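Please consider how charged side chains pair within the structure shown below. The paragraphs that follow lead through several such pairs.

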Amino acid sequence: MQNETNLPRKRRQPSRLIEVDAWIDSSIWRAYHAFVAWWEGVTIVSRKFRARGVNRVLVEVACEGLTLGLVGFVILFALAQPAIKMTRNGLPQESDYSVQFLDKHGEEIGRRGILRAAAVPIDEMPDSFIKALLATEDRRFFDHFGIDFLGLMRAMTVNAQAGGVVQGGSTLTQQLAKNLFLTNERSLDRKIKEAFLALWLESHYSKRQILAMYLDRAYMGGGSFGAAAASEFYFGKNIRDVSLAEAAMLAGLFKAPAKYAPHINLPAARARANEVLTNMVQANFLTEGQVIAARRQPATAIDRSSTPSPDYFLDYAFEEVQRIAQKSGMKQRNFTARTTIDLDLQKLADEAVEYNLRQYGKTYDVGEAAMVVLASDGSVRAIVGGRDYGVSQFNRATRALRQPGSSFKVYVYATAMQEGMKPSDTIVDSPLTIGKWSPQNYGRSFAGRVTLANALARSLNVPAVKLYQKVGFDNTVKTAKAMGIESNLRGDKTMALGTSEVTVMDQATAYTVFANGGMNPNRHAIQQLMDPSGKVLWDARHDMPARQRVLSEQATGYMNEMLVGVTERGTARKAQLTMTRVGGKTGTTQSYRDGWFVGFTGNYVGAVWFGNDSFAPTNRLTGGSLPALTWQRFMEAAHKNVELKPIPFIENPFPAKSDKVAEAGGDSSGPAAPETLSRKTQDVLADIAEQFDQMKPLDPEQLASAASSAGAAAPARSQ
C-alpha cells in the first residue's frame, strides 16, 4: 500500500479552450490598436480640410441646408403620394363615345362625348385668341415648369394692395391638373395635389400638348367644353374665324364661365373682354392702337335665350346611352339618340324651381333644389339637377343621396296592401320603444286607434313603424327595389321613417308604379339609338324588357286611394290641381334638412327636393311647403293642352274646377302654358314626318310622269 501511495500522479493535458481564449484576446487587442491607428490617420487627414473663419460659416450653412433639404424631400415625397397614385395609369380615360341628342320630336338639343376631342389644332387657332388666353391666364406659361413662383408672388402683391382676391396664382398647367384629376374644392390638400400633378404634366408632356389639352377640356359655359365648341355655341362660327373681339370674349370665359357667359350676361361678358384686351396690351402682345376697334365694336353672342340647353338631362341621357351600348355589346361609338325629353316641360320645371327658390329661398334658408318629371309610361320628360349648371355640374336629381323622410312610407304601406291589408284597417298610434329608440310623431302626441288611410294622410310616424314591423324589413326593401329604387337600402328599424338615402330619380321612378296601374316603371330617357347613317340600333319599344306587374290591381287601387287622400285631407293639400285629382306624399327629415314632395296624376309623375348641399338645416322647411308648391306650379301648367288621363282605380278622377285649388301655389297666375299644338297632334305629325323620312326617293322617270300627269289634269280642273 505504501508503494502505491508514493507513485507519481499523471500530469493533466492543457484544454484547447485556453488557446481559443488567447486567440480572441489577442485579436481584439490587435483590432483595437489597428482602429486607433486608422482613426489617427483619418484625423490627421481631416485636419487638412477643416474650415476656419468665414469658410466654416459657409460649410455649416451648407451642411444644415443639406439636412433640411433631405428632410424636405422626405416630406414632399410623402405629400406627393396621392398625386403619384392618380397618375399611375396616365391621363384619365375620356369617354370615346360621341352622341348627338334629339328631343322627342327629332330636333337637336345638344351633344356629349368626344365632340370636344375633335378640337382645332393650336397651329390653326387664331393668334389673337392664344395671346388673349396667355395674357389673361398665364403670361409666363412657356417659361415656368408648371408652378410659377414669380407669378404667385406678383398675384399675392396685387391682392394685398387691393385688399382682396384680384389675381390668381395658378398656372395653366395647374388649372389643367385640376380639370383632369381634381374637383373645385377649396382646400390646402387640393392645392398640394394640384402642384404635384402640374409637375407630372410638365415632365410628361410638352408645353404645346398641355396648352392643347387645356383648350380642349376646359368648361366654357352653356354646356360646351373646349374653345372650339364654345366658339360654335356663342358665335355660330369656327374658332378659326373669330375676330379679336370674339377671341377676347372667349378668353374671358375661362375664369368664370357661369358669370361671364355672353348668352346669359352680355354686359358682364363685354366688360370681361375689355379686361382681356387690356391684359394683351400690358403683356406687350398688342398695342393700344390694335385693340381700339375691338373695344369700340365688342362681340355679340347668338341669342339662345329661347333655346336653353337641358344640360342636366343631357348628362343623364349620355350615361344611359353608354349603358345601353355596353349592355348590348355595340362596337359603334358615334350615335344619334332620340330622347324622351319634352323641352316645354323642361322649361316649366326650371321655371317652377327657380321661382320658388327666388321667392322663398331666403325665408326658408334653402339654397338648392332638384326635380324629375316622368310620364306614366316611364319616359323621362324633364330633369332639374340644381339651380345653375354653370355654377355646379353636380346632378342632384340623379346623384345626390338624401334622406326621403315620410315620402318613403309609401313602400311600407304598399307592402301591407300587397299582403292583403286595406286602407280601412286600423292600427294603434301609441308609444313604442324598440331597443333604445322611441319614434315620435311630428306633433309629439298620439292619436290612438286610426285607420291606415288616416295614418298615411296625417303622416303619423309610430303607425308606420308598427306596420313596418308587421310586414317585415326584408319585404319592404324587396317592394321598394321592385318599384324602382336603385340606391342601397339599409333595411334597419328606422328605415320606415325615411332614414335610408335615395335619389330624386329613385323616388320619381318608384311612384310611377302608382300612376301606371301597378306595373314596373320601365324608366328610360332614350327612345331610339341610331348610327350616323340613321339606322336604328336600339328601340325602347322593342328592346326594353317587357312590363311586369309589381303591385296587384287591388293593392295599387288601395294605395292610389290613400295617396289622393294625402293631397285632399292630409299634409299635401297645397299640391292640388284644378283639372284632375292628385296623389302624392310629403317628406321632411330631421332638423328640416330635406323637404320632399313626390306626386302623380294619370299623365305625369314628379319628384321635388329642396335642401342645402352642405346638409345645413333649413328654416323649418317641410315637404308640404316649397316642394308641394313647386310641384303644383309645374303641374298646373303642364296639364294644359293635354289629354287628361285618370289616376288608375280611383273614383271621380276629374273633379269640378275649384278656385280654391287654383290658389294653392300662392301665385294663381302661374307660368304660362307653352303656346303649341297639343301633344296628340305633335305625335301624329312626328309619325307622319318619320314615314316621309323612311320613304324611298322617286326615280326621275316617276317624277317626270307625275309632272306630266299634273299638267294634263290642270286644264280639266280649270274647265
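By the rule that a salt bridge is a side-chain nitrogen of Lys or Arg within 4 Å of a carboxyl oxygen of Asp or Glu, the count comes to 25 salt bridges. Side chains of opposite charge can pair when their charged atoms come close. The model is predicted, so that local features need pLDDT of at least 70 and side-chain atom pairs count only at pLDDT 80 or more, while totals for chains, interfaces and linings use all residues. Residues are numbered from 1 along each chain as its sequence is written, and side-chain values use heavy atoms, with hydrogens and water left out.

One of these bridges joins Glu202 to Lys207, with 2.9 Å from N to O. Glu202 is buried because its relative accessibility is 16%, and Lys207 is buried because its value is 15%.

The salt bridge between Glu288 and Arg295 has its closest N and O atoms 3.1 Å apart. Here Glu288 is partly exposed at 39% relative accessibility, and Arg295 is partly exposed at 26%.

A further salt bridge pairs Glu351 with Arg633, their closest N and O atoms lying 3.0 Å apart. This pair links distant parts of the chain, 282 residues apart: Glu351 belongs to helix H16 (residues 343-364) and Arg633 to helix H24 (residues 626-638). Helices are DSSP runs of H or I with at least four residues, numbered from the N terminus. Glu351 is partly exposed, at 26%, whereas Arg633 is buried, at 8%.

Finally, a network of salt bridges links Arg112, Asp311 and Asp315.

Conventions:
Buried < 20%, exposed > 50% of the residue type's maximum accessible area, 1.4 Å probe, protein only. Helix = DSSP H or I, 4+ residues; strand = E, 2+ residues; numbered from the N terminus.
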